[in-house]
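Visitor: Hi, I've got a structure open and would like a quick tour. Can you walk me through a few spots?

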Amino acid sequence: MRAHEAGALHGDLGSRGPAWLRTPEDVNALVPQLWPRTVTRDAAGALEIGGVSVAELAADYGTPAYLLDEDDLRARCRDFASAFSGADVYYAGKSFICKAVVRVVEEEGLFLDVCSGGELAVALAAGFPPERIGFHGNNKSESELRRALEAGVGRIVVDSFYEIARLSALATELGKRPGVLIRVTVGVEAHTHEFIATAHEDQKFGFSLAGGSAFAAAAQILDDDVLDLRGLHSHIGSQIFDTSGFEVSARRILELQAQIRDARGVELPELDLGGGFGIAYTTQDDPSTPGDLAKRINKIVEAECEMASLRKPHLSIEPGRAIVGPSVFTLYEVGTVKDREGIRTYVSVDGGMSDNIRTALYDASYSATMANRRSDAEPMLARVVGKHCESGDIVVKDEFLPSDVQPGDLLAVPGTGAYCRSMASNYNHVPRPPVVAVRDGAARVIVRRETEDDLLALDVG
Ligand SMILES: *Cc1c(COP(=O)(O)O)cnc(C)c1O
């Protein structure tokens with residue numbers, strides 16, 4: 001049966017469901033691209049991750065909880081590192097950073113991007129080699145830049161003329177010569193399936209290529225010998241499935257590279273093409289493998305270099321979501337089930353927009369499955385919602401769940417490793433969930449659950 005025929009099973013609701021929903025018979029199935037690699041259903045139908053059942057994890061650590069498959073995370077780091085061998089792979093720490101993940105990234109040989117003093121502090125606290133850190137941001141403060149220089153951060157990606165002046169003054173004061181990249185706005189705004197080259201200049205990041213300020217920034221840094229200009233940088237967006245955006249950005253940025261060579265006689269040795277590689281949140285998404293991405297990106301860069309008679313620069317990329325996103329799922333407990341007659345069934349879980357803001361913020365799509373048992377009950381189209389005082393507090397807009405789902409059942413929402421814990425809030429004074437890493441039958445808390453004491457600790461008086 002096709003998804004859209006599910007309406008036959010549940011009034012007229014199914015016909016309103018998106019066509020990409022899993023077929024109703026599949027409610028117990030785990031579509032491999034959505035789940036970390038060690039996740040299976042055990043004989044009783046409960047999910048297992050890293051050889052540990054979710055019932056046990058829920059009992060030990062409570063819900064909601066982010067469950068991280070450490071083998072899966074390591075494998076994704078290795079897949080990118082080997083696919084892009086010869087290039088530097090920076091893990092974009094903003095997608096999710098904590099000391100344990102920084103150590104994994106370090107052990108797997110990756111580099112690390114940070115974009116604030118706080119992220120830099122975590123990286124340094126975990127002992128990450130500073131020369132393998134890249135520092136981003138359109139408004140880095142003087143104290144953040146000072147800290148980066150004192151720590152010996154490998155690359156600072158400059159984003160404004162003010163920053164060039166600020167960094168240059170600080171580097172002179174501290175007697176340092178930091179490696180810098182220029183963040184270039186190439187005029188490509190990449191969305192999930194297409195790129196739009198119209199409103200491109202209208203955003204806060206980078207130096208405009210079309211307007212000439214990217215060239216002017218390069219000239220200024222080359223004139224001022226304090227900063228070591230290593231190359232150009234572009235990041236065109238997030239959750240990208242189509243490499244044509246990278247093709248346009250590589251072409252434009254290498255044209256700038258050629259312009260700099262022609263004007264100044266310098267071929268910048270490095271090129272950073274950013275991150276943004278898409279992952280599967282639902283069965284509709286079909287992401288590329290790191291191997292495919294590497295092949296296509298290398299081919300694009302080589303072709304464009306040949307056209308402009310440039311030597312191929314040393315490449316770097318910055319995947320965040322594509323490394324940590326698929327390695328985590330969120331485990332929730334169902335608290336209430338409400339049938340809105342003739343509309344849909346609302347299944348409320350014990351978290352929501354405080355642990356996953358992406359549905360409300362970006363209209364993102366997620367999927368869910370019952371995690372504590374298998375069910376042969378008739379499938380129903382459900383909406384998974386949180387416990388917050390906001391009707392937009394939706395975790396999963398549409399999903400088929402077994403119609404016998406009830407309070408006490410566990411629900412798992414995959415693909416929550418990136419931009420969920422890192423964007424989590426304390427809205428409604430809900431403590432943020434823990435991150436529990438599971439591997440080889442053993443679990444360890446890598447970020448503990450917040451407590452009410454944590455919440456009260458900031459109240460003065
Ligand atoms: C956000 C960001 C990334 C990572 O994006 P993902 O979609 O998580 O891969 C990489 N580079 C820069 C400059 C970013 O701002």
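**Around Tyr61**

Guide: Happy to. Leaving aside its neighbours within four places in sequence, Tyr61 is in contact with Pro434, Val436, Ala443, Val445 and Arg449. Keep in mind that this is a predicted model.

Visitor: Which helix is Tyr61 found in?

Guide: Tyr61 belongs to helix H1, residues 54–61.

Visitor: What happens in the hairpin of E22 and E23?

Guide: There are two residues between the strands, and Asp440 takes a positive phi near 50° there. Most residues other than glycine have a negative phi.

Visitor: How does E4 pair with E22?

Guide: Strand E4, residues 65–69, pairs with E22 in the parallel sense over four bridges. Asp69 stands opposite Val438 of E22.

Visitor: Why is E22 described as largely enclosed?

Guide: Because four of its five residues are buried, E22 is largely enclosed by the rest of the structure.

Visitor: Let's go back towards H1. What lies in the loop between H1 and E4?

Guide: Pro64 does. The peptide bond from Thr63 to Pro64 is cis, with omega near -10°. Most peptide bonds are trans.

Visitor: Is Tyr419 buried or exposed?

Guide: Tyr419 is buried, with a relative accessible area of 9%. Asn428, at 35% relative accessibility, counts as partly exposed.

Visitor: Switching to helices: how do the axes of H2 and H3 cross?

Guide: The axes of helix H2 (residues 70–83) and helix H3 (residues 99–107) come within 9 Å and cross at roughly 45°. That angle makes H2 oblique to H3. The crossing is right-handed.

Visitor: Which residues make the contact?

Guide: H2 contributes Glu70, Leu73 and Arg74, while H3 contributes Val101, Val104 and Glu107. By class, that contact has three nonpolar, no polar and three charged residues.

Visitor: And the sheet with E1, what's its strand order?

Guide: The order is E1-E2-E3, an open sheet of three strands with antiparallel pairing. E1 (40–41) and E3 (52–53) are the edge strands, each pairing on one side only. E2 (residues 47–49) and E3 pair over two bridges, and Glu48 has Ser53 as its bridge partner in E3.

Visitor: Last one: which residues does Ser348 touch?

Guide: Not counting residues up to four places away in sequence, Ser348 touches Glu333, Val334, Gly335, Thr336, Val385 and Gly386. Ser348 lies in strand E17, residues 344–349, and at 18% relative accessibility Ser348 counts as buried.

Conventions:
Residues numbered from 1 in each chain as written. Predicted model: local features only at pLDDT ≥ 70, side-chain atom pairs only at ≥ 80, totals over all residues. Heavy atoms only, no water. Pairing = 2+ DSSP bridges. Axes fitted to C-alpha atoms, helices over the stretch in contact; angles between N-to-C directions. Parallel < 35°, antiparallel > 145°, perpendicular 65-115°, else oblique. Left-handed = near helix turned anticlockwise from the far one by under 90°. Contact = heavy atoms within 4.5 Å. Nonpolar A, V, L, I, M, F, W, Y, C, P; charged D, E, K, R; others polar. Buried < 20%, exposed > 50% of the residue type's maximum accessible area, 1.4 Å probe, protein only.
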